[in-house]
Amino acid sequence: MARKSLGNIRRSFAPWADPAATPLVRFDGVTKRFGDITAVSDLSLTLYPGEFHALLGPSGCGKTTLMRMLAGFEPLDSGRILLDGQDLAGIPPHLRPTNMMFQSYALFPHMSVFDNIAFGLRQQGLPREAIAARVAEMLALVKLEGFAGRRPDQLSGGQKQRVALARALARRPKVLLLDEPLGALDRKLREETQYELMDLQAELGLTFLMVTHDQDEAMAMADRISVMERGRIAQVGAPEEIYEMPANRYVAEFVGDINVFEGVVASVDGEIVRLDSAAGLLILDDPAPGLAPGQKASLALRPEKIDILTAEPDGPGNKAAGEIWDIGYLGDFTMVQVKLDGEAGQLVKVALPNRSRKTETPIAWDDRVWLSWDVEAGILLRG
Amino acid sequence: MNRLRAPHLLALVFGIAFLYLPILVLVLYSFNASRLVTVWGGFSTRWYAALLQNQALLDAAWLSLKVALVSASLATILGLLSALALARSGRFAGRTLFAGMIAAPLVMPEVITGLALLLLFVGMDAERGFWTVTIAHVTLTACFATIVIQSRLVMLDRSLEEAAQDLGATPLRVFFAITLPMIAPAILAGWLLAFTLSLDDLVLASFTSGPGSTTLPMRIYSSVRLGVTPEINAASTLLITLVATVVVLASLLIKRDALART
């Protein structure tokens with residue numbers, strides 16, 4: 001049976017699905033320890049040419065360490081990193097064909113914008129005219145023409161970010177490493193810069209590896225995301241896979257909001273699984289090979305996939321009764337918390353999109369309501 | 001800014017007077033026309049003119065200046081190296097001991113250091129003079145230079161150096177293109193501190209100098225034992241002016257550097 005596509009995007013760029021594609025970077029069983037703490041633990045990951053890859057995780061999950069190992073700043077305890085088939089072991093940072101944009105930007109304060117961007121080119125020993133031409137090209141690329149003579153302390157945060165980007169791109173690295181590239185920008189600027197970075201990456205056809213703790217940033221920009229947990233990769237996939245098909249509860253809860261109903265498998269009928277939970281008998285349509293009645297399992301449900309009804313819905317689909325506990329009006333949608341009936345009284349988050357400016361059926365605190373969702377809406381999580 | 005209330009103002013005036021009144025008196029009397037040190041005979045700069053005729057004092061001043069220049073330079077180089085070792089080499093074996101040894105001259109009584117150095121030089125049968133005084137001064141001032149430079153190095157954003165390396169600079173290039181320019185104000189401040197410490201040192205110089213190598217503080221001290229003359233006041237005033245200028249310069253450097261980083 002042909003299943004429906006995930007999310008609402010049709011992607012044409014997917015070299016990871018092509019067994020004949022040549023990878024650009026391969027992390028192969030990489031481990032890094034700091035004293036007693038294992039920052040990166042036996043981790044393997046492959047990046048493809050032209051890919052925008054995001055390492056996503058909470059602070060301390062090892063994402064920055066992984067990137068710094070590729071840049072050459074952290075020696076490996078075991079494993080290896082291949083770039084273009086070449087083992088990077090023993091190659092110092094200044095000889096690696098990677099460049100990094102630092103979180104603090106790390107612009108040299110005693111040099112002008114021109115000299116900052118020219119720094120890497122001068123190390124290559126390029127002739128003076130070639131350097132001037134490349135710097136001008138980079139300044140045009142980041143739309144900072146006319147800023148060549150400025151000092152870093154005469155620039156705004158957004159301008160500093162662009163100079164740092166231009167400096168890192170000037171040497172045409174095989175992989176550009178971005179450490180929280182938008183972390184220091186305010187919200188409005190962050191969104192603009194986000195799309196500019198994506199355009200730039202597509203235009204130059206470069207491979208980007210980005211470290212971020214911000215899931216919106218990762219989801220919006222990356223072709224693929226590696227969600228990291230304590231030195232390991234919990235899941236690698238396109239944003240819609242991570243969101244709609246999380247591999248486990250950690251990923252489900254780290255990326256986006258989610259409601260989890262714990263229960264016991266009541267019956268398995270092909271791909272239709274029935275789950276006995278505190279919220280009643282739940283039905284979901286998610287392939288679960290090897291699942292047997294009596295096993296523990298959970299249903300994970302994104303808030304935007306639930307409907308709020310004022311009367312009990314007809315038919316055999318999923319439904320649960322409760323009352324409205326809390327309402328948060330956020331503009332584009334309203335986040336409603338519904339307290340389910342019963343002893344457990346689980347709170348369920350529901351996102352109501354505000355598609356119209358006015359409504360004839362407003363909701364209020366303490367209203368009695370019914371929740372309803374499609375059998376395909378839920379994600380089956382084992383355990 | 002809050003206005004000071006009377007008791008605070010009084011305390012401040014008293015404190016400043018306690019610290020600086022003696023110096024003020026010395027400076028005032030250097031402009032005294034009278035030969036008698038304690039009797040005011042009108043304003044005059046004759047003692048400054050007489051100073052220029054006093055060859056022994058001028059020789060001593062020149063020697064002090066040479067010692068200060070050479071010892072401050074040596075101390076700054078040593079200070080830079082030890083600061084780099086302390087701030088950049090991680091936790092090497094013996095680091096704590098090394099840090100303690102660097103800081104020891106700060107608290108070591110100068111008499112002990114001087115005596116120890118004297119015994120060493122005598123034991124080595126070294127001819128005492130310019131170099132022995134200079135070496136003695138380096139042992140004292142290198143720790144000050146180290147501390148000033150180290151504190152700047154610790155504050156320096158490591159990602160600057162990493163960025164330079166990432167952009168293809170060898171570690172040596174990184175040091176000269178990034179690290180050195182960034183810590184230059186601290187290096188200069190360390191040098192200035194070492195310079196003033198050497199210039200006004202009496203104890204170490206007394207132990208380690210030989211015949212014919214009398215520094216300015218030694219000359220002033222020995223003259224005073226024969227009776228204070230307004231000429232000495234004039235010489236001291238010049239010394240104070242020089243030292244004060246250098247110290248103010250050093251603290252301005254450190255302060256400006258700190259401001260630039262915020």
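Predicted model: local features only at pLDDT ≥ 70, side-chain atom pairs only at ≥ 80, totals over all residues.
Figure 1. Strand β9 covers residues 224-229 of chain A, and strand β10 covers residues 232-237 of chain A. Five bridges join them in the antiparallel sense. Opposite I225(A) stands G237(A), in β10(A). Two residues lie between the strands of this hairpin. In the turn, R230(A) has a positive phi of about 40°.

**Figure 2. The five-stranded sheet of chain A.** Five strands of chain A form an open sheet, in the order β13-β12-β11-β14-β20, and the pairing is antiparallel. Which strands are at the edges? The edge strands are β13 (280-285) and β20 (379-382) of chain A, each pairing on one side only. From one strand to the next, the twist averages 45°. One of the pairs in the sheet joins β11 (residues 259-269) and β12 (residues 272-277) of chain A, antiparallel and over six bridges. Within this view, V265(A) has L275(A), in β12(A), as its bridge partner.

**Figure 3. The two domains of chain A.** Domain 1 of chain A spans 15-253, and domain 2 spans 258-382. Their centres, taken over C-alpha atoms, are separated by 39 Å. Six residues from domain 1 of chain A and six residues from domain 2 of chain A take part in the contact. On the side of domain 1 of chain A that touches domain 2 of chain A, three residues are nonpolar, one is polar and two are charged.

**Figure 4. Where chain A meets chain B.** The contact takes 16 residues from chain A and 15 residues from chain B. On the side of chain A that touches chain B, β6 (98-101) and α2 (113-123) of chain A each supply at least two residues. The largest share of that side, three residues, is from α2(A). By class, the side of chain A that touches chain B has eight nonpolar, seven polar and one charged residue.

**Figure 5. Chain B as a whole.** Chain B has 11 helices and zero strands. Its C-alpha atoms fill a box of roughly 70 × 60 × 30 Å along the principal axes. Chain B has 262 residues, of which 35% count as buried. Among the contacts in chain B with a separation of 6 or more, 77% are between residues 24 or more positions apart.

**Figure 6. The crossing of α4(B) and α6(B).** Helix α4 (residues 95-107) and helix α6 (residues 130-155) of chain B have axes that come within 8 Å and cross at roughly 115°. The crossing of α4(B) past α6(B) is left-handed. Which residues of the two helices meet? From α4(B) there are I102(B), A103(B), P105(B) and L106(B), and from α6(B) there are T139(B), L140(B), C143(B) and T146(B). The contact of α4(B) with α6(B) has six nonpolar and two polar residues, and no charged ones.

**Figure 7. Helices α10(B) and α11(B).** Helix α10 of chain B runs over residues 216-225, and its buried residues are L216(B), M218(B), R219(B) and I220(B). After α10(B) comes G227(B), with a positive phi near 120°. A258(B) is found in helix α11 of chain B, residues 230-261. Why is A258(B) classed as partly exposed? It has 14 other C-beta atoms within 10 Å, whereas a buried residue has 20 or more and an exposed one 12 or fewer. A258(B) and V39(B) are 219 residues apart in sequence. In space they are 47 Å apart, C-alpha to C-alpha.

Notes:
Residues numbered from 1 in each chain as written. Chains lettered and ligands numbered in written order. Domains from an automatic or database assignment. Contact = placed C-beta atoms within 7 Å. Nonpolar A, V, L, I, M, F, W, Y, C, P; charged D, E, K, R; others polar. Helix = DSSP H or I, 4+ residues; strand = E, 2+ residues; numbered from the N terminus. Pairing = 2+ DSSP bridges. Axes fitted to C-alpha atoms, helices over the stretch in contact; angles between N-to-C directions. Left-handed = near helix turned anticlockwise from the far one by under 90°.
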